[in-house]
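Hi there,

I'm handing over a structure that I have been looking through, with my notes on what turned up. Please open it first and then read on.

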Amino acid sequence: MAGLIHGCGMSDADATMEAPPPIIGGRSLWQDARRRLMRNKAAVASMIVLLLIAVASVVGPMLSPHPVDEIYWDLIGVGPDWQNGFYFGADANGRDLFVRTLYGGRISLMVGVVATVVALVIGVTYGAVAGYAGGRVDNLMMRTVDILYAIPFMFFVILLMVFFGRNIILIFVAIGAVEWLDMARIVRGQTLSLREKEFVEAAVASGVRGAAIVRRHVIPNTLGPVMVYMTLLVPKVILVESFLSFLGLGVQEPMTSWGVLISEGARQMEEAPWMLGFPAAFLGVTLLCLNFIGDGLRDALDPRDR
Amino acid sequence: MENPSPLEPLLKVKDLHTKFTGPDGDVNAVNGVTFEIKAGETVGVVGESGSGKSQTFMSILGLLARNGVASGSAEFHGEELIGASNRTLNKVRGRAIGTIFQDPMTSLNPYLPIGRQLTEMLTVHRKVKAKEARYAAAQILSTVGLPDPSAQLRRYPHQLSGGMRQRVMVAMALIADPELLIADEPTTALDVTVQAQILELLRSVGRDRHRSVILISHDFGVVAGLADRILVMYAGAIVEQGPAADLFRAPRHPYTRALMACTRGLDPEAGLPADGDLAVELPPGHLPSIPGQPPDLRRLPMGCAFQPRCAQARARCLLSAPENYAVGPDRLSACFLERKGMAPKLVPSS
Amino acid sequence: MSDQLLAARHLRVLFPLKGDQAVHAVDDVSFSMRERETLGLVGESGCGKSTLARAIMHLQPLTSGQIIWRGVSLNALKPRELHDRRREFQMIFQDPLASLNPRMTVATLVAEPLRALRPNLRAEEVRDIVSNMIGRVGLEPSTLDRYPHEFSGGQCQRISIARALVVDPKLLVCDEPVSALDVSVQAQILNLLKELQASHDLSLLFISHDLSVVRHMSDRIMVLYLGRIMEFGSRDRLLDSPRHPYTRALISAAPIPNPEIERTRRAPPLKGEVPSPIDPPSGCVFRTRCPKAAERCTVDVPDLRPIGPGQNVACHFPN
């Protein structure tokens, strides 16, 4: 039985036999995760619903015959009515609640996205730098975070409002400025464990230095938990904005948000429950969808499945 | 321990199949495994990763992960274990069959002192009273070579070294006096000098009480010193089995021969007669290797699973999987090459 | 001395703990390496071989001692100068998959050392070198666009080797490169390393707990125990006539795939286990397990002394 063993370690036989089943392009971990996410029915349904709400918020007010701030004197306090086109009824000032609800969606969703992105950018950078630097730098940075945690949020926002007036950009900044703290902590924790991984050691051995390691090796590998946290942060931000508006510190007329609408609706709760009901339902559904998507993302990105 | 009839095998496994459902397709971990274990013999099960050597015994013990399903038959003293109820399995596990796993740190409960984990085996399985159980626990710790056994009873796993923990594992497996001991890669995580100690221990454990031992390993060297018989596994099936001395002296199946050549290539001391063909092929300083890699268990080839890497493959090997052919007394090899004019196909004994 | 690549002098790595205690990972290790030779480092857990590897690679700072690379003391260099020298020594790691960033393609991974250490190369040049190297390690070009998790252990290790060699280093530190691989694949990787060593004029610092693998690869072997060198010499002499009791124990403990030899075994295995590297035993660190231990061994630390041509032992009572 001659020719039994192939001696050369580098024969072509090795190369051709070792190729994995042909797939066009590589199958990255993100693609794997996306596939898993798509199989999660709740998450997919939520994404569709969210998309519909978003599209409606943008397009609805443009298509509606009733402008956002137009007052219809004879419809003040009138409930939902399919025939006259006021699907959600009118608010306390006689404006079309349907249009206002959709319009409010623009603001609420925008705050959610923008403030979260702000928190993300600041938090991830801060956390990754602190975690990678370690030692005293890390200590200093994280103690700063602890101190900032201690500042009462409301106090901070009110201060900002007093100094700069009620400005929508300001609201984004205020919210983002507070929410990055959590993100920083999470990313720092991730970074601490990533720092010890062999592929980071290998990169250092390959001559990659500090900032490049953080940028190319650490941050991309923290994005999993970061993305999950983000989808759970957006609802939180929307709620914060709603709360601010509820208190009267939020957006100014004629702009409106779900929080403002809920605030107004709450005052009319007994006589005109629809004024509270519809905006609250939109808010509730949006938050639910975001939570489902967050759960789905977490399952999809779970390293246990790999 | 009852002395079983010497003629009846302790464990009879017939046509065992195990599948794991998964998102990327079902993993066929065990594909038609048939073998017997007699009382008092030590059997070595050798295979690389993906060979199914661990999953075979996990299936028999009912310890499969939630997405695993086993079919076929595994009779222990005539009692069917595949698909048996938890009650039946619990009676057998621990009491009649003891198990040792690779990593003692994850097999031992870090929150309980080891004395407690040992006595638990007795109080649960043999309904022994606490005080007697403690005495037995100290005895068994002494048997496995732990110094100062009574003091050790109070210690926690993390206070012990790796070798000592593995000895505790052996003690736990033995304390209920099982007839069969299954050791799955018991020394892989240990230093080589400690491995030698544990292997010595396992050898005495089998000899002493006429106990059967199944030693699973990827290392031929580890089983060489202990096994009476050897099963060689590849891609979820047994490709060759037979008495250890025979198998080492004259391996038949191409995979066995290739694997042994790889192992021996590293060990000139192994000293067995060169097969002649090996020495010729290699450039100086090169080790024999097997090209390619083990098959994807989700997509097993239609014919022989080893065929893609086999230098002897013929057209026949692509079309169907070989049966187990007798190649000597108590020797089987699953390779079509054995067919040519040799003993007739062996029907698996019922 | 012209082709002396690396000289390590009295290397010490200690990890301080609370109070006065410290983990003695590497304790007074000195050796040198020439071009095109393979030095095997063998030892069990706690012997400090991995720490030593990282210290040589400057991934781990030294507590004391000097590393002299091609005549230049690396300790004395500024970070910038050290960075420039990094392309001359590279490393491959034990866990094939863990040493590759799961989010990067193979092409990016293999190109990374080039980008960091030879930034003046143009993109096409980088691409060429990378494709060439992937072929040299026996992988198909389609490998480049894929991700590490799509490959087997052996293939991942080939990718790591490609990455390490892409900057054409003179020394490759191999930290247990085949320990996590199946036996049949181990041989492929070892053969590959030998071929690349010849074609690339490499020296290898080959670390393993597996004596048979070290035997196959090395010209000289260094045996470590608890951070200290026990024996050091040419491979054949060390393995055929080991002088240190620990070396003998290691050799006899290694299982041999031959039942006739295994069953009529020689000496009983070494007793006990490796003591903790936190405050190791006084005098000779091996004395707690040594069959020959005497009074003197508790008090005097044995020096590494030549005991024959190309053989050095640290023992008061060598064979």
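**A buried helix in chain C**

In helix α3 of chain C, the buried residues are V106(C), L109(C), V110(C), A111(C), E112(C), P113(C), L114(C), A116(C) and L117(C). Here a residue is buried if 20 or more other C-beta atoms lie within 10 Å of its own, exposed if 12 or fewer, and partly exposed in between, with C-beta atoms placed from the backbone. Helices (H or I, at least four residues) and strands (E, at least two) are DSSP runs, numbered from the N terminus. The helix spans residues 106–117, and nine of its twelve residues are buried, so it is largely enclosed by the rest of the structure. What lies over those buried residues? The cover includes α8 (198–205) of chain A, along with α4 (123–136) and α5 (153–165) of chain C.

Before you go further, please keep in mind that this is a predicted model: local features need pLDDT of at least 70, side-chain atom pairs count only at pLDDT 80 or more, and totals for chains, interfaces and linings use all residues. Residues are numbered from 1 along each chain as its sequence is written, while chains are lettered from A and ligands numbered from 1 in the order in which they are written.

**The sheet in chain C**

Chain C also has an open sheet of eight strands, in the order β6-β7-β8-β3-β9-β10-β12-β11, with mixed pairing. Two strands count as paired if DSSP finds at least two bridges between them. At the edges stand β6 (89–92) and β11 (305–308), each with a single partner strand, so one side of each is left without a neighbour in the sheet. From one strand to the next, the twist averages 20 degrees; axes for such angles are lines fitted to C-alpha atoms, for helices over the stretch in contact, and angles run from 0 to 180 degrees between N-to-C directions.

Strand β9(C), residues 220–225, runs antiparallel to β10(C) and is joined to it by six bridges, with R220(C) opposite S234(C). The two strands form a hairpin with two residues between them, and L226(C) in the turn has a positive phi of about 50 degrees. β10(C) also pairs with β12(C), residues 311–313, in the antiparallel sense over three bridges; there F232(C) has N312(C) as its bridge partner.

Between chains B and C, 42 residues of chain B are in contact with 34 residues of chain C, where contact is C-beta atoms, placed from the backbone, within 7 Å. On the chain B side, the elements giving two or more residues are α8 (192–208), α9 (220–224), α10 (244–249) and α11 (254–265).

As for chain A, its secondary structure comes to eleven helices and zero strands. Buried residues make up 39% of its 306 residues.

**Two residues to check**

Most residues other than glycine have a negative phi, and most peptide bonds are trans. H58(C) has a positive phi, near 60 degrees, and lies in the loop between α1 (49–56) and β4 (64–69) of chain C. Is H58(C) buried or exposed? H58(C) is buried, with 21 other C-beta atoms within 10 Å. R70(C), which is not a glycine, also has a positive phi, of about 50 degrees. R70(C) sits in the loop between β4 and β5 (72–73) of chain C and is partly exposed, with 16 other C-beta atoms within 10 Å.

Happy exploring!

Note on methods. Contact = placed C-beta atoms within 7 Å.
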